[in-house]
Number of protein chains: 2
Amino acid sequence: MSNDLRVCFVGDSFVAGVGDPEALGWCGRLAVDAHAAGLAPTAYNLGVRRQTSTDIAGRWQAECRHRLPREVQGRVVFSFGVNDTMLLDGRARVGAGTSVGNLREMLAGAHAESWQVLVVGPPPVDDAEHNSRTAGLDERFGRICAEHGVPYISSCHRLAADPAWMDQVRAGDGAHPAAAGYAAFAELLLPAWREWLGY
Amino acid sequence: MSNDLRVCFVGDSFVAGVGDPEALGWCGRLAVDAHAAGLAPTAYNLGVRRQTSTDIAGRWQAECRHRLPREVQGRVVFSFGVNDTMLLDGRARVGAGTSVGNLREMLAGAHAESWQVLVVGPPPVDDAEHNSRTAGLDERFGRICAEHGVPYISSCHRLAADPAWMDQVRAGDGAHPAAAGYAAFAELLLPAWREWLGY
């Protein structure tokens, strides 16, 4: 396996780190941790605001192919779902069955490209009913990843109980935290991230 | 004009911030500066390693369209050229005429989408002949941008004289600096960046 490690972070506004005045989000903080351990991965952030799993399904593979040529060790972190479970005219923007189908398709696509995958569950926002729908999706995402032998890190329950996340989400736009919230998210992910990269 | 400002940084490995253990590169540092001024732009980093202007021409518009919907204030920063002027089997990977044509096409494409553009010139590496070819391209890029009324910031001469950049490039892989080098690059760009965003 090549030592030239390149990781694409694919997902939504939380992946993009929207609201973080330090311009790192949780992805940047994971990259910094890997650098400190001497890994120096190339990190590509492919998070896009407002995108559902269906939006992401339509672009992720082309974008990752440009960034993960055959000769490198290409990996993909997926994280989405909050926009799927958001209501629009009284209905979820993407139904849970479709979200699950999109995740399955992405896992199959990444497997076909020989890209190792890590999946990060959708975080909570400042809306209990929205979070309850997200928790339902989180549970299904976890099951699918287990079936595929892909590591899945649930975030919605732990971040909902974390004042560093929730206080900043409430103080912000109701969905995105500032730096401390993203740092808490990264902290939660660190053990699985390190294990996934083997450091 | 919408206050929802979103900036795509389109280019090569220097845009991606390869080698920066702080995972910011010059783009992240510019985003941090705008946040500190209260602008809170959404910054999308679309730098890809090894890509020439021809590679970038083939993907930038689709990637930006996913990130800059009509209703936001979408902007694009372009920066490329070092991979164009790199020799492969004794010839530049992309000839200067083609590089210039690619830039013209991107400026026209961005104009058609109503995306305001800033162009950042290619930086120097640890290879005087390569830098001399890059300086030639830099001069032509500057002229084209002037013709189009687009701000252009040349970097190759100033960074070649900046030990913060050159020492780290030499200590690294011969092309990419670490944090201090990217900080020096960002510092050089700050006045034009602030003027471009009006803060």
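**Aromatic pairs, a charge over a ring, and cysteines**

Over all chains, the structure, which is a predicted model, holds 22 aromatic pairs, where rings of Phe, Tyr and Trp (its six-membered ring) pair if their centres lie within 6.5 Å, and planes under 30 degrees apart count as stacked, over 60 as edge-to-face and the rest as tilted. One of these is the tilted pair of Trp193(A) and Trp196(A), with 6.0 Å from centre to centre and 40° between the planes. Both residues belong to helix α9 (residues 179–197) of chain A, where they are three residues apart, about one turn of the helix; helices (H or I, at least four residues) and strands (E, at least two) are DSSP runs, numbered from the N terminus. Trp193(A) counts as buried because its relative accessibility is 1%, and Trp196(A), at 9%, counts as buried as well, the term meaning under 20% relative accessible area, with exposed over 50% and partly exposed in between (1.4 Å probe, protein chains only).

In chain B, Phe9(B) and Trp26(B) form an edge-to-face aromatic pair, at 6.0 Å centre to centre and with 85° between the planes. This pair links distant parts of the chain, since Phe9(B) lies in strand β1 (residues 5–11) and Trp26(B) in helix α2 (residues 25–36), 17 residues apart. Both Phe9(B) and Trp26(B) are buried. In chain A, one aromatic cluster is formed by Phe9(A), Phe14(A), Trp26(A), Trp165(A), Tyr182(A), Phe185(A), Trp193(A) and Trp196(A).

The charged end of Arg75(A) sits over the ring of Trp196(A), 4.8 Å from its centre, a charge being placed over a ring if NZ of Lys or CZ of Arg is within 6 Å of the ring centre and within 35 degrees of the ring normal. In chain B, Arg75(B) lies over the face of Trp196(B), at 4.8 Å from the ring centre.

With a disulfide defined as a pair of cysteine sulfur atoms within 2.5 Å, the count over all chains is zero. The sulfur of Cys8(A) has its closest cysteine sulfur in Cys64(A), but the two are 3.9 Å apart and therefore too far for a bond. Cys8(A) counts as buried, at 0% relative accessibility. For Cys8(B), the closest cysteine sulfur is that of Cys64(B), at 3.9 Å, which is likewise too far for a bond.

Residues are numbered from 1 along each chain as its sequence is written, and chains are lettered from A in the order in which they are written. Local features need pLDDT of at least 70, and side-chain atom pairs count only at pLDDT 80 or more, while side-chain values use heavy atoms, with hydrogens and water left out.
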